[in-house]
Amino acid sequence: MFDLSIIYKYLGSFIDGFEITASVSALSIIGSFLVGLMVMFACVSSNKLVSNIGYAYINCFRNIPFIVQVFFIFYGLPELGIFIDPYTTGVLALSIAVGAYCADVLRASVLQVDNEVIEAAQSFGLSRKLIYQKIVLPIALRNSIRPLGSIFINLILTTSILSTVTLNELTGAAKIIAAETFRPFEVYFFLLLFYCVLTYILSFLISRVHARLNRHFVTEN
Amino acid sequence: MISINNVQKSFGNTVILDGVSLTINKGDVVSILGASGSGKSTLIRCINGLERLNGGDIKVGENSVKNKVELNEIRKKVSTVFQHFNLYPHLTVLDNITLAPIEVLGWEKSKAIAKAIELLNLVGLQDKSDSYPSQLSGGQKQRIGICRALAMEPECLLLDEVTSALDPEMTSEVLDVLADLARSGTTLIFVTHEIAFARKISNRIVFLDEGKVRADMEKEQFFSNDGGKQDPRIKRFLDKMDSK
Amino acid sequence: MSNNGFVPYDLIVLLKGIGVSLEVFIISSVIGVILGCLLGLARHYRVTIIGSISTFISEFLKNSPVIVQLFLIYFGLPIFLGIDMDARQAATITLSGNTAAFISVIVVSALASIDKGQIEAARVFGLSEWKILTKIVTPQALLVAIAPLVGLAVNQLQVTSLISVIGVMDITKVGQILNQRTWQPFLVWPVIGITYFILSWVLSKAGLLLENRLKKHQSWVSI
């Protein structure tokens, strides 16, 4: 009844799907991080208008479902005469949407940097730009590794939604396999298992990176 | 050298400094004493520009804290040591000390490192140059804080309750370093609770009470029965501190 | 279809879609909360087998895409179990399980945040485990858990949009239909987006009110 041999037979298309998932994820992670940085700078700016725009961005994209954002880009851009493939649509949509989450984390980390340390730097005459560059950002980024890590892992899981706009990543490939084999239970079950294992491996790696970079910062006080 | 003129500072509706005037001369070792809330730390934070004045002015040489460009010049000449050390946690001890000289004074890296090592030798922490703040004890951190401040070769050093966060053993490590500094002729302004220490190394005592300068006199005069102790507030303060 | 524009009836369709989304959301949330609390309590009190199974399953549901979970339940389960299931049932089941998984985590961490000292004191004074749970642990744990719970609720509301993929006539599905009929994505999708935004906003404001109410009721919040 529970036939796992199909996995073996369709391994090829599964791996193809995985490649697409991996590359879309990688590009989107970079994209969303950059978007997140930009929006974070907007939020902490002393210009009221700019900072309101930043916060509005975060608020907006966190309260609209990702699939709606994807549909908007996928169906909307062609109306503007911009024809892009599902792959690019995916990277774009993910960068914009996940960028909002990244911005929120980065913003929180930056604001959490101990004010007294910043004051020390100020008292020695360091400029605002230098303080950001040498003190605030290094500390904030280091503190953001864990939360950003979990956001990025979530991003990888979210790529599955792109299967609804004809991108043949893992889930898209699985849909085809399930249709061909008439064994959706085994296919989707295995797919879930795969995502799970992937998540665990990545979580573990991120923990290691976090530990490595923070080895000098014993939790004191 | 530093002239503090009728400084007013409030936080919201609370007046912290109410017309403080002082002159600090080169070579002075001044201890600012007073009860908690009398405005001592706030005064220090006004001198290094961490707090903006609501009234009056503070001038270091020709430069006023009220002018942004001049404040930057002041910060190159006046260094601060903080109660809670405020070292940069993500940088090594060496980087902590050399950051400002390199970025603000524009020194060459080699010159800054040489100076840093010289200072570390002075305070006895030469083997900690590659350590991180989290690996140091409180007393060690504060001595590094002093090195960081001295690396700028300042005309004047501000010390804001620098031993308040330390236990007695670490306190004496730091006080020894400060005594040496005082002897060497560096201009020092202390805010402290260590009355005995203040008496030992300073040449001048300023007593702040409720945001005003209640006494500004030569050290022994302050502690004498017909000098500072004539004032009932000062007498009560000193008696209370003595019984600790 | 000859009609390419919007008609007033579309508004009714949208409202119906909102109704469906909210229905699935509310039912799956209620089941999810009950199930999640039970699982969380089982884990916290280490009720051996149930505790481990609960950990296992909730890890599974937390670390995989909801859309695949929906596919598994809607396409896979009926064939596997030989039963019939419509899309709405599958959606409700899936979201209930998914919600329960996240809630069990919040429950476990809220329970763990309660200072052990006072529980020990209560035991020593002779209070039963049940009394301790209801009179001491729960009021405090609730206060700790309310903020993450509201955040989870808003998130799960967004997640309901995925049930459109298995054919449930929710807000997103209505959007798909309107989009395919009128080909005006710049009107349809922003409206759909704003609909979800307003619902989320109302939900988080309600959550904030609840949080403040609870805090006022228990003015001893921090000792």
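How are H4(C) and H6(C) oriented to each other? They are roughly antiparallel (an angle over 145 degrees). This is a predicted model, in which local features need pLDDT of at least 70, side-chain atom pairs count only at pLDDT 80 or more, and totals for chains, interfaces and linings use all residues. Residues are numbered from 1 along each chain as its sequence is written, while chains are lettered from A and ligands numbered from 1 in the order in which they are written.

**Confidence**
- Chain A has an average pLDDT (the predictor's confidence in each residue, from 0 to 100) of 90, and 95% of its residues score at least 70.
- Within chain A, the lowest mean, 71, belongs to helix H1 (residues 5-9), and the highest, 95, to helix H5 (residues 86-112); helices are DSSP runs of H or I with at least four residues, numbered from the N terminus.

**Chains**
- Chains B and C do not touch, with their nearest C-alpha atoms 25 Å apart.

**Helices H4 and H6 of chain C**
- The axes (lines fitted to C-alpha atoms over the stretch in contact) of H4(C), residues 87-112, and H6(C), residues 129-159, come within 9 Å and cross at roughly 150°.
- Residues that meet include Leu95(C) and Phe102(C) in H4(C), and Val137(C) and Pro148(C) in H6(C).
- The residues of this contact comprise 15 nonpolar, two polar and no charged; Ala, Val, Leu, Ile, Met, Phe, Trp, Tyr, Cys and Pro count as nonpolar, Asp, Glu, Lys and Arg as charged, and the others, Gly among them, as polar.

How values were computed: Helix = DSSP H or I, 4+ residues; strand = E, 2+ residues; numbered from the N terminus. Contact = placed C-beta atoms within 7 Å. Axes fitted to C-alpha atoms, helices over the stretch in contact; angles between N-to-C directions. Parallel < 35°, antiparallel > 145°, perpendicular 65-115°, else oblique.
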